[in-house]
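Q: Could you walk me through how to read helices and chain contacts in a model like this one?

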Amino acid sequence: MHQLWLIPALPFAGFLINGILGRRFSRAVVNAVALGSVLLAFLWALKTVLGLGEARIFEHYFNWIVAGGLQVGCDFAVDRLTAVMLMVVTGVGALIHIYSIGYMAHEDGYYRFFAYLNLFMYFMLTLVLAANFLLLFVGWEGVGLCSYLLIGFWFHKKSATDAGNKAFIVNRIGDYGFSLAMLLIVVNFGTLDFQIVFHAAPTKPEAVLTTIAMLLLVGACGKSAQFPLYVWLPDAMEGPTPVSALIHAATMVTAGVYMVARSFPIYQGAPSALEIVAYIGLFTAAFAATIGLAQNDIKKVFAYSTVSQLGYMFLGAGVGAFSAGIYHLMTHAFFKALLFLGAGSVIHALSGEQDMRNMGGLRKKIPVTFWTLMCAAVAISGVPPTAGFFSKDAILVAAYHHAPWMYWIGTITAGLTAFYVFRAMFLTFFGEYRGHEHPHESPKVMTIPLAVLGVLSIAGGFIKVPAWLEHFFPVAEAPENPSLVFISVAAGLIGIFIAYVMYVARPGLADSVASSLDGLYRLVYNKYFVDEIYDAAIVKPVVSGSRAVLWRGVDAGLIDGTVNGVGSGSQGFGGWLKLFQSGNIRSYATWVVFGSVVLVVTLGLIGAVR
Amino acid sequence: MSLLDIVLALPLLGFLAVLLVPRQNEETIRRTAMVIAVVTFLASIGLATGLSSDVPGPQFVTDVIWIAFPEIHYHVGTDGLSVWLVILSTFLTPICILISWRSIDKRVKEFYAFLLLLEFGLIGVFVSLDLFLFYVFWEVSLVPMYFLIGIWGHERRIYAAVKFFLYTMAGSSLMLVGIIYIYNRAGTFNYTTILDMLNGGKLGFTPGEEMLLFLAFFIAFAIKVPLFPLHTWLPDAHVEAPTAGSVMLASVMLKMGAYGLIRYCLPMFPDASRRCAPWIIVLAIIGIIYGALVAMVQPNMKKLVAYSSVSHLGFVVLGIFSFTQLGLDGAVYQMLNHGISTGALFVLVGLLYERRHSLEIADYGGVATAAPGLSTVFLITTLASVGLPMLNNFVGEYLVLQGAAQANFRWAVFAAIGVILSACYMLWLYQRVFYGDTPEAVADHVHDLNHREWVATVPLLAMMLWMGVYTASFLPPITRTNYAILEQSKMNVRFRVAAPPHAPYLSAREVRLGR
């Protein structure tokens, strides 16, 4: 036995201890419990991964649900895919826990924050360790819950709790698809166990597999913020920044990609569904990147960037390059966590300022933050030989072999990515300081995790995930193609160059470009009005329709009106009945006795008649 | 005298004991009631642990003649279906006593007497194996609830109590006609005998007869469930009832209807049940979605929870009439889940009312700051109610949907919308009551849970977690009984057993059961 259960159980213990007793603990104890449990989980996961061969480790603990021939176990398994996820979740998770000690130092509800964070680790690890769909769903919903709790961490702010509700409900819409997929899997396979389902998948008709795959995709789109269900993620930035880094960049939002990759045998039997995965990924990547071009809130830029990068991962999976998608998942976890933590360090330095128009010139004032953030910026822009270069390139090359036009759109998007990230970098760190706060560098407890992630962003590409997963996924043919690599790298560099020209070399150019493209700029600046459209087309009609039509109209009007009408229609009868309604217990009791007597006599008569 | 007789007799003895205590000794009355309720609960646990998995049919049976002519028996017994409902009743009664400890200050003696009488009636309904006895208990449970609402309720209590009484009476009088008709044909009220006669072909109904009898029972049960559109008594009754009344009403009384459907309608009238199933399922699905949408726009907390019950109970009816093992198991599990989580919601809303004296959502806000403990308990209950995995409702909802999907995937497609909507109304409620800034009225009056209230709420939370994580403690007896009921409902089917599409599942079960 490898005691896999220990990996999630450790953070869960941390959650229980801090959640129940944390109020009485000093901050040092809270730190020790929260961080210690995650570090131990990391070590245990590391030990498991190091001992992992090609074969998967499977452990059955107890039966969760047994009914009507369906058996759902509490089963954990580790294979090479899970191994990658385990390392990312516990590794990056531990770093972010350390960072949070510094970032949250001045906040109330300190123990609550760390309890939630540990709870999140527990659910996320359950998600990646689960050996059947329903247990995966436990983690899936659980991380959603933690996301809800942490987005609304500052629950006095209505915008924060609104964002939390939005995240939970939009995810619920995705989960609706996921649930239906599970129902169909049981109807067709008789089980939810990964091994059995995936083994039997090739024997099932394509129509069934396609339906299941499409429904799973709905779930993945919710969790991984893909079009059209991405709208919750930008709002989720209301949460504390370490939460944005851990949950809304590095780990939770990649669960959809993980789930699609995990279900690859189903998708292989459903090529049209896989094609749609690629379309959605590509469209989301490009669409979100354009929104990222015009945002002024530093966290919003990175939020749309996350949506866009998740789109790349979907693109990778959709064109059959699952291992490239997972590769990008890992490198993205490094550089995007770093971008958020770096942004958090900037925000911390400026006492809460998030608007880049009030920043500028911070390069000298907070140099560690600047240099580490620069590592992430070049990595996401795909500059060789940083981590982002390898993984993005693997996806784009695979996309080219699937359909060249996908490569081209992906490459243009890579240019846009480099542009908006460096736009943010230049606005924040170059030029003159435009704010009023006095910037100060963050403490070591925050900058050390930044440095570690900086190293991983630069060098993490040499952790060759595709080689590790070589025998796990079916091999996607994608021969080396230097010219494609050259073009996509060039796109990134051009993006950086344009950003440099517009925001450093010739400041003011950006504004004139924006005003010359006024309509387009407004459209992008307002995020294509998608939130407004959803609100007007769905939310408002449902709420006011429920109130005016269903409640006041049908319930109070039609149904109760009919009932009361029957009542008043028989008022004469009721007047007679009123005699019985004296409100006196004794008289009621008399009537009950009387009724019983009548009944028994009647029965006797009937019996006699018979 | 079996353990079941003791469990049934204890609340009645408690009722009498409370009546004997002088009216001014209020603390003695409360303690007496509490002790009896706890002892009843402990005794009832023995029913679950003592339930043998080898014996088909009811256990702990007592069958003696009560009225010689017409022959009416005191015939009781329990099985995997009823045992949990009995325990649910005995589990919630002490909790109801605890939360009424301070909030009920007038006519204390009658209150606790009625509460114990109610418990007696409810247990009786679930364990009766004689149709007439069933009817008697059905009515017995009605009376104390009527008075709980009518005496200790809020402003419009009389209207609500009368509405509740008339609605239920309308249904149950139809059922009485049905019962007498069956007696006329079978010559007995003994339910096990009637089923044996149906199986043996000694008793048979023409399709028309069966349909009418089915409807007579069904309408009585559907009102109680309540099934859309027969639900409008429920919000009024809940809003006006005192907390303990709401809890018992939502958690246990509504289950009488669903229990009746499974216990009586399916085995006795399988043809008619199957014939009507598509229509009933349409109503159930409408109820799921409609209840959730109407709950969403309620300004009153209790009304919101009441309409959410309409939605949740829709799942139960859907599971029952899916005629699948999973659906039926899920329906029973969901009955228990709803009892725990909605019971807890009413307890918590009651605690808020005690403090702030308002049920209007708009009067609250920022309770999380004022009463963090209460807020945490409410949050966990909310999460259970929206079907978060690892908490109880998820298992029930999942099994119901799975059963529905096996019968007809489209049903699941529509019903699952309810799961999305439940998150909408519950989270929105939670946000408006608990988050945001704390108005003065809340900060001054809403204090955190005291020890008594913790004792009342923690068992509910524990049950949510236990039922959500380790279903093996609860599901096996339910599955066994449901299996027998499904088989029974196939045996009597005349026209066509909706082609057992899931034979592999049932046979897999049979293998496991060693049949």
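A: Gladly, and keep in mind that this is a predicted model. Let's start with burial: 19 of the 19 residues of helix 5 of chain A are buried, so helix 5 of chain A is largely enclosed by the rest of the structure.

Q: What span should the 19 residues of helix 5 of chain A have?

A: At 1.5 Å a residue they should span 27 Å, and the end C-alpha atoms are 26 Å apart, which agrees.

Q: Which elements of chain A touch chain B?

A: A general idea to begin with: interface size is often given as the accessible area lost when the parts come together. Here we can look at residues: the contact takes 45 from chain A and 49 from chain B. On the chain A side, strand 1, helix 5, helix 6, helix 24 and helix 26 each supply at least two residues. The largest share, 14 residues, comes from helix 6 of chain A. By class, that side of chain A has 25 nonpolar, 13 polar and seven charged residues.

Q: How do helix 11 and helix 12 of chain B cross?

A: Their axes come within 7 Å and cross at roughly 155 degrees. Angles over 145 degrees count as roughly antiparallel, which makes helix 11 of chain B roughly antiparallel to helix 12 of chain B. The crossing is left-handed.

Q: Which residues of helix 11 of chain B meet helix 12 of chain B?

A: In an α-helix there are 3.6 residues a turn, so residues three or four places apart point the same way. In helix 11, the residues that meet helix 12 include Ala277(B), Ile281(B), Ala284(B), Ile288(B) and Gly291(B). Their partners in helix 12 include Leu304(B), Ser308(B), Ser311(B) and Phe315(B). By class, this helix contact has 16 nonpolar, five polar and no charged residues.

How values were computed: Residues are numbered from 1 along each chain as its sequence is written. Chains are lettered from A and ligands numbered from 1 in the order in which they are written. This is a predicted model: local features need pLDDT of at least 70, side-chain atom pairs count only at pLDDT 80 or more; totals for chains, interfaces and linings use all residues. Two residues are in contact if their C-beta atoms, placed from the backbone, lie within 7 Å. Helices (H or I, at least four residues) and strands (E, at least two) are DSSP runs, numbered from the N terminus. Ala, Val, Leu, Ile, Met, Phe, Trp, Tyr, Cys and Pro count as nonpolar, Asp, Glu, Lys and Arg as charged, and the others, Gly among them, as polar. Axes are lines fitted to C-alpha atoms, for helices over the stretch in contact, and angles run from 0 to 180 degrees between N-to-C directions. Angles under 35 degrees count as roughly parallel, over 145 as roughly antiparallel, 65 to 115 as roughly perpendicular and the rest as oblique. A crossing is left-handed if the near helix is turned anticlockwise from the far one by less than a right angle, and right-handed if clockwise. The expected span of a helix is 1.5 Å times one less than its number of residues. A residue is buried if 20 or more other C-beta atoms lie within 10 Å of its own, exposed if 12 or fewer, and partly exposed in between; C-beta atoms are placed from the backbone.
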